[in-house]
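Trainee: I would like to go through this structure term by term. Please tell me what each word rests on.

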Amino acid sequence: MLPIGPHTLKNRFLLAPMAGVSEKPFRVLAFQQGAALCTTELISAQGLFRLTNRTMRYLRYDPNVEKPYSLQLFGGEPEAMAKAAVVAKQYGAEIIDINMGCPVKKVTKTGAGSSLMCDSGRAGAIVRQIREATGLPVTAKIRSGWDASNKNFLALADALGAAGVAALAVHPRTRAQGYSGKADWTVIRDLKRHVGSGFPVIGNGDVKTVADAHRMLDETGCDYVMIGRGALGNPWIFRELNGGSKPSPQERCQTVLSHFKQHLVHHSEARVHREELEPEARAAKDERMGVHSFRSHLAWYAHGLYGASAFRAEVMKLDTAREVEAAAERFFVGAQVDAQAMAADQEDVDYRAALG
Ligand SMILES: Cc1cc2nc3c(=O)[nH]c(=O)nc-3n(C[C@H](O)[C@H](O)[C@H](O)COP(=O)(O)O)c2cc1C
């Protein structure tokens, strides 16, 4: 297996960076279930200079579990990105991943995210300057191009390769496609053929099952498979990919509860309250906000189980930790897989909520 910079990974299966999802508690869970690398959600270079509480929360990681620690940065200016990467290194980052795929306007209009695909000179300069400033391996996550008439992933790969990028992850949709349509895996295959056997390519897009992951490896020749939505509510996909079993209902329930506990801690640690609050009111507000941001995880965990739709409706009304625990115990302890629902309710889940 090709290393990424100096890092030899334990297998070929990686968790995708996902804003609002790939936070410390979920990354730790995915690592524990067998993921070889879990990149943080995108972190603003500007945010790293100001080190707001929110950015500090994004920077939290578990050095005992998250090895190596890969941090995704977004920004458009090479110098600012290099300075931000130095800060990221001080906070433990061992791999810097550059977001070159985010389609969201408020990111692209600053010259960051997928707009970097339109300026391979600047994209290359970002990689080069971060490498020079930090000495860390730099990876990039790209799309196939800006739109159907500008699928320039091969030229971009050349520019990033010349700048010394350590690996490329490709999500084979254009910026214009967003997350719609089908991921075009021939893009991954063409990229791998273009860069050759010695350079690591990470394929991404529409891998929902163990069979999908193996099919991607076979059809494209990529070195690693990166899984995003397929891991939502299903961190066990990494265990299955490494030959392990699906969770029992009891295990699923325990995992949901412990993930929830970690989620509450993670979200309350760095919260800033604009108004003056008594400690009790502050704790209650922290709890409510933590519960609200965990609702989507609960909905994802219910995916493919009997009674998932009714449970999701119930989840949207939960406000307190006690309510979450009671609802989760009631639903997950006996919940059985509904094979038909597994296929049918894929589209029920709003994956995009976290993108803002
Ligand atoms: C909710 C959500 C948040 C995402 N946030 C990020 C992000 O912060 N950085 C990034 O590079 N890609 C992000 N993505 C894109 C994913 O990493 C991945 O490329 C995409 O979901 C396709 O892979 P999948 O079909 O396995 O989900 C996000 C996707 C989703 C659904």
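Mentor: Start with the elements: helices (H or I, at least four residues) and strands (E, at least two) are DSSP runs, numbered from the N terminus. Residues are numbered from 1 along each chain as its sequence is written. The model is predicted, so local features need pLDDT of at least 70 and side-chain atom pairs count only at pLDDT 80 or more, while totals for chains, interfaces and linings use all residues.

Trainee: What makes H1 mostly covered?

Mentor: Take the cut-offs for burial. A residue is buried if 20 or more other C-beta atoms lie within 10 Å of its own, exposed if 12 or fewer, and partly exposed in between; C-beta atoms are placed from the backbone. Eight of the nine residues of H1 are buried. Among them are Phe26, Val28, Leu29 and Phe31. Their cover includes strand S1 (13-15), S2, helix H10 (237-241) and helix H11 (249-269).

Trainee: Why is Glu41 called buried?

Mentor: Glu41 has 20 other C-beta atoms within 10 Å, so Glu41 is buried. Glu41 sits in the loop between S2 and S3.

Trainee: What makes S8 and S9 a pair?

Mentor: Two strands pair if DSSP finds at least two bridges between them. Strand S8 (residues 201-204) and strand S9 (residues 224-227) have three bridges, in the parallel sense. Gly203 stands opposite Val225 in S9.

Trainee: Why are S2 and S3 the edges of the sheet?

Mentor: Nine strands form an open, parallel sheet in the order S2-S1-S9-S8-S7-S6-S5-S4-S3. Strand S2 (37-38) and strand S3 (43-44) each have a single partner strand, so one side of each is left without a neighbour in the sheet.

Trainee: What makes the largest nonpolar core a core?

Mentor: A nonpolar core is a set of buried Ala, Val, Leu, Ile, Met, Phe, Trp, Tyr and Cys residues joined through C-beta atoms within 7 Å. The largest one has 83 residues. Leu73 is one of those with the most contacts inside it. Leu73 touches Ile43, Met81 and Ile96, among others. Apart from that core lies another, of 20 residues, including Phe260 and Phe311.

Trainee: How is the chain divided?

Mentor: Into domain 1 (13-241) and domain 2 (249-355). Such bounds come from an automatic or database domain assignment. The C-alpha centres of the two domains lie 27 Å apart. Still, 18 residues of domain 1 are in contact with 15 residues of domain 2. On the domain 1 side, H3 gives the largest share, four residues.

Trainee: How do you know where the ligand lies relative to domain 1 and domain 2?

Mentor: Both domains give residues to the shell around the ligand, so the ligand lies between them. A residue is near a molecule or strand if its C-beta atom, placed from the backbone, lies within 6 Å of it. 24 residues surround the ligand, and the closest are Ala16, Met18, Leu42, Gly228 and Arg229.

Conventions: Contact = placed C-beta atoms within 7 Å. Lists of a residue's contacts leave out its neighbours within four places in sequence.
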